[in-house]
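Here is a short tour of one protein chain. Keep the sequence and the 3D view side by side as you read.

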Amino acid sequence: MLYGRAAESGQLRSLLLQAAEGVSGALVVHGEAGIGKTALLDHLAADAGAARVLRMTGIEAETELPFAALHQLLRPALDRLDQLPGPQADALRTAFGLAAPTGHDRFLTGLAVLTLLSEYAGEDPVLCLVDDAQWVDQASLDALTFAARRLDAEGVVMLLAMREPRPLGLPELRLEALDQEAVTALLAEHAGANLPPHVRDRVAAQACGNPLALIELPRALSEDQRTGLLGPLPATPGDPTPSSRVRAAFGTRIDLLPEETRSVLLVAAADDTGELAVVLGATHAPVAVLEPAETAGLIRLDGTSLVFRHPLVRAAAYRSATLARRISAHRALADTLVGAAHADRRAWHLAAAATGPDETVARELDRAAERASGRQGMASASAAHERAAQLSPGLADRRRRLAAAAQAAADAGQFQRVAALLRRGDTSGAWGSVPGRDDPATAELARVRAALELNAGSAVRAVEVLLAVDGAGSAVLTEAFHAAQSAGEPDLIERVRARVRATFPAASGTLAALADLYGGEPVAASASDGAARDRGVLFSERFLAAHAAHVLADHGTARELADLLLAHCRSHGLLGWQATCLHLLAETHLALGALEPAARTAAEGLRIARYAGLDHRACYLRTTLAACAALEGDEARCRELAEAALAHAGRHDLGTAAAHAHRALALAHLGAGDPAPALVHLDRADRHPAGPPVLIAFLLPDLVEAAARTGTTRAGATERVERWADRSGRPAALALAARCRALGAEDAEAEDLFTTAVAHGERAGGGLELARTRLLYGEWLRRRRRRSDARRVLREALESFEKTGARPWAERARAELRGTGEVIDSTSATGTPLGRLTPQEREVVRLAAAGHSNREIAAQLFLSPRTVGHHLYRAFPKLGVTSRDQLTEVPGSP
C-alpha cells in the first residue's frame, strides 16, 4: 500500500492511460534513497493492465559496463531485432556483444531503442521502468534518454527513477517527504501500536518523512529501546541524512548475522551479475549459508538469482566490511568470472583488488576499453582507460592511457570530464615531462585539447595547441585547418599553410589543395571532388574537400558531396559526424536558394548537435537558421538565433561563426529595404580586409550592395570579390563579381555588367542570388525610367522570390513593379499548402513525397516509424489528400 502518494501515483497513472491512446510520455522521478521511488514504480507496474512492462534496476558495480542496463531492460523485446532497419539492428547487436563491432556511432543505438520500443508496443502500450538510474552505465543512459526525448505516438511510457536529478532534458517529478498523516499511518502499519508515543515520535523525527526509514528504524531498535527504557536509534553525528540512518540500521541487522553469512553477503554486494551461482562459486559456500539474510528480509532468492531488498542493504553489506575483506571479495569474483562473456567484469574486479601499480591489470582494462569503444560505449571506455592509467607503473603508459581516456570522453561529448582528465594529468605530472618526438600520446593529447578548446574554450587556442605538436601528421593538420577556419584569423590560417608546406613539400591531396586555396593559388575543380569521394583518406579530410567546393562557389558539387558524406554517415551509423555534414548541406541549399530544405536540414543538424553537446557546431547551425529566417522574413527568429550565435562565438573566438551571424542580421535589414543597419553588421563581419578572400567571400557581395544602397563604397570590396571569382571560375562566383562591379559602375558600363551577371547566374542554375541580381537590375532600370524593361526583369525576380519563399524580397519586387505602373494581384503572396503544416509534419511529408518509407523517414528524422505514420495521418487532411501517392501533387513538394 502507498502512503501519501495519491497525487504522484495519479500523475504516473495518467501517463499510462495516455499511452493506451497512443500518446507516449517520459518522466524522471527523483528523490533521496528510501523516499518511495521503487514503491511508486511497483504500484504502477502492478496496475499496468494490458501494458507490456520492461523493467530493470541499476547496479552500482555495473556503471562502467557499457550497455549492461540497456540489455537487461530490453531482453524481453530482443526477438524483434530483425524488424529494425539493418544499421539499427546491427547497432544493438554490437552494443550487447551479439555481433562484432562495426563502427556505428553511439547515437544510432538510441534511435534503435526508439524503433524497438515502437515495434514491441504493437497494439498495447509499453511501460519502461528504470529504477536506480543513477547507477545505469552512461552508454545505456544516453541511449534511453535519446529515445525518451523523441517518444511521440508509440504508446510508450518511460520512467527513470534516480536519487539526484540530472540534466537529461526530460520532465521531472520530485518525491518529497511524507506528510504527518502518512507518517502516522505508515508507522502504525509497520511499527505496531506497542511503541510508546515518545519512541514513535523520536523515530518519526529521525526518519524525516522518509518511508524506508520509517519502516527500518523501528526494526533496528533493541527491546529496551522498543519499550522506551532507552532512547531510540540515535542519529550518527556528521551523517544525519535519513538514508544514512537507514544504511546504519541495515548495517546493524547485518552485524547480527553469522560470520559466514556476512562473508557471502559481502561477495554478493561486490558482484554485479545478480547470479546466485557466481556468488556461491566465489565463496565455495552452500546456499543454506544465505538463509539467515533471507529470513531477515535483507535479500531475496529465487533459485538462480540473488536480489538485495534495497540498494542501501547492498551498500551496508559492502561498506561495513574492512578493506582487506573487500579486496578478497573482488579477487574471488575475478577468479570465478572467467571466459569472454565476463571479461569486462573480471577486469574491473581485478582493478578493485589492486593496491598499487599493476601493468597486468592495466592491460586487462585496456582491452575492456577497446571492447567498450567497439560498442560505442565511449564513457565506459574512458573510465577503463583512466583506471588503467592509475595502475600504470610507467609514466609513458600513464600518459598514453590518460590521453586515451580524455579522447574517449570527448567522443562521448563529456567535455567537462575531458577538462578534469587534462587537469588530473597536469596535477600528476603526466603532461609535465617532455615527450619524445614519436610519443604516440602527444598527437592524441593535442587533438583532445583542441577538441575541448574548439567546443568549450577558444578556437584560436585550439589551433595553437595543434601547431605545437612536433612532427604533426595529416590528422592533426587537418584539424588545425578546421579550427583556423572557425577562428577566421588570416594569420592562423597562414601558419597552418606554412606547416603543411613544410611537412608535405611535394604532397598532393586535400591538405595541399587547402594550402593552395587559402594561399591564393588556383585549385582544380576536380581536386575537391576526387578527395571528397576517396574512401581511403580520413573522413575529416573528405569533409574539408567538400567544404572547399562550397567555398569556391561550386555549390551544386558541394551539395552532391555533402549528400554523399551524409549518406555514408547514416549507413555506417556515424551520427556524431552528421551535424557537421548537415551544416554543409544546409549551407549549399541556402547558396542555391532552396530555403525550405536549408532550414529543414539545419534544424535536423541542430537537434543532433545539441544532443551530442557539440556547442561549436550548434553555433554555426544557428547562423544558418538565422539566415533562412531573415530571407523568409521572420526577423524576430533571425535576431534570436543570430544573437545566441554571436554570444557563443564571442566567448569562444569563433570569428567565422560571428561573421555568419552578422550576415544573417544584415540580410534581414536588406530584405526590409533598410541598408544602413545592414552595412553596420557587414562591417563588423569584415574584420580582416587583407585576409584571403575565400575566408569572407560569402558576405562580400552583401557588403558591396549595402554600401551602394547607402550611397557609399567600401574600398577594395569589389576587387576582393573579383579575385575570389577569378580563382573559383565558377558561374555563381562570376555572377556575383559582375553584380558587384555593376553596382559601382557608370551607366554606360553598368547595364552590360548586369546582363553579364544575369547570364552567369542562369548558367549557375538560378536561385536566390539570380533573383537578387534581377531585382537590383530592375531597380536600376526603373530609376532610369525604362519601365517596360524593368517590368520584365522584376517579374522574373518576383516569381523566383515567391517560389523560394523569400517574402521580404518578394515584397520589394512587388513595390518596384508598382513603381513601374504595373497592377499587382494581392493574392499572389508567397505561400503553399505545405505552410499549413507544422515543421515536423512538413519534413515527414517531403520525405514521403520523395518515395521514402516510414522506416526510412524515421531513421533520418530520429523518430519512430509509428510517429512518422501519426504525422502523415494529421497532415493528409491539411493538404487535402487521402494517400501518400497524392503528395507529389501538392505544390512545393519534391
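Where is the place of Leu 395? Leu 395 is in helix H20 (residues 395–411). Helices (H or I, at least four residues) and strands (E, at least two) are DSSP runs, numbered from the N terminus. Leu 395 is partly exposed, at 32% relative accessibility. Here buried means under 20% relative accessible area, exposed means over 50%, and partly exposed is in between (1.4 Å probe, protein chains only). Leu 395 and Ala 480 are 85 residues apart in sequence. In space they are 28 Å apart, C-alpha to C-alpha.

Residues are numbered from 1 along each chain as its sequence is written, and side-chain values use heavy atoms, with hydrogens and water left out.

pLDDT is the predictor's confidence in each residue, from 0 to 100. Its mean for the protein chain is 87. Of the residues, 92% reach 70 or more. Two stretches need care. Over residues 232–239, pLDDT stays under 50. The model has 17 contacts for residues 232–239 beyond four places in sequence. A contact means heavy atoms within 4.5 Å. Residues 826–830 also have a pLDDT below 50. Their stretch has ten contacts beyond near neighbours in sequence. Where pLDDT is low, the predicted coordinates should not be read in detail.

**Helix H19**

Now turn to helix H19, residues 378–390. Its 13 residues reach 18 Å from first C-alpha to last. That is close to the 18 Å expected at 1.5 Å a residue. The expected span is 1.5 Å times one less than the number of residues. Eleven of the 13 residues are buried, so H19 is largely enclosed by the rest of the structure. Among them are Met 378, His 385 and Glu 386.

**Aromatic pairs**

How many aromatic pairs does the count come to? It comes to five. Rings of Phe, Tyr and Trp (its six-membered ring) pair if their centres lie within 6.5 Å; planes under 30 degrees apart count as stacked, over 60 as edge-to-face and the rest as tilted. Two of the pairs are set out here.

| Pair | Centre distance | Plane angle | Type |
|---|---|---|---|
| Phe 754 and Trp 780 | 6.1 Å | 55° | tilted |
| Phe 801 and Trp 809 | 6.3 Å | 35° | tilted |

Phe 754 lies in helix H40 (residues 747–763) and Trp 780 in helix H41 (residues 768–783), so their pair ties together parts that are 26 residues apart in sequence. Phe 754 is buried, at 1% relative accessible area. Trp 780 is buried too, at 6%. Together with Tyr 777, Phe 754 and Trp 780 form one aromatic cluster. In the second pair, Phe 801 is buried at 0%, and Trp 809 is buried at 1%.

**Charges over rings**

A charge sits over a ring if NZ of Lys or CZ of Arg is within 6 Å of the ring centre and within 35 degrees of the ring normal. The charged end of Arg 52 sits over the ring of Tyr 120, 5.1 Å from its centre. The charged end of Arg 150 sits over the ring of Phe 146, 3.8 Å from its centre.

**Positive phi**

Most residues other than glycine have a negative phi, and most peptide bonds are trans. Phe 67 has a positive phi, near 65°. Phe 67 is in the loop between strand S2 (52–57) and helix H3 (68–74). It is buried, with a relative accessible area of 2%. Ser 140, in helix H6 (residues 138–148), touches Phe 67, Ala 68, Ala 69 and Leu 70, not counting residues up to four places away in sequence. Ser 140 is buried at 0%.

Ala 553 also has a positive phi, of about 70°. Its loop runs between helix H28 (539–551) and helix H29 (555–571). Ala 553 is buried at 4%.

**Cysteines**

How many disulfides are there? The count is zero. A disulfide is a pair of cysteine sulfur atoms within 2.5 Å. The sulfur of Cys 619 is 14 Å from the closest cysteine sulfur, in Cys 638, which is too far for a bond. Cys 628 is in no disulfide either, as its nearest cysteine sulfur, that of Cys 638, is 10.0 Å away. Cys 619 is buried at 1% relative accessibility, and Cys 628 is buried with a relative accessible area of 1%.

Conventions
This is a predicted model: local features need pLDDT of at least 70, side-chain atom pairs count only at pLDDT 80 or more; totals for chains, interfaces and linings use all residues.
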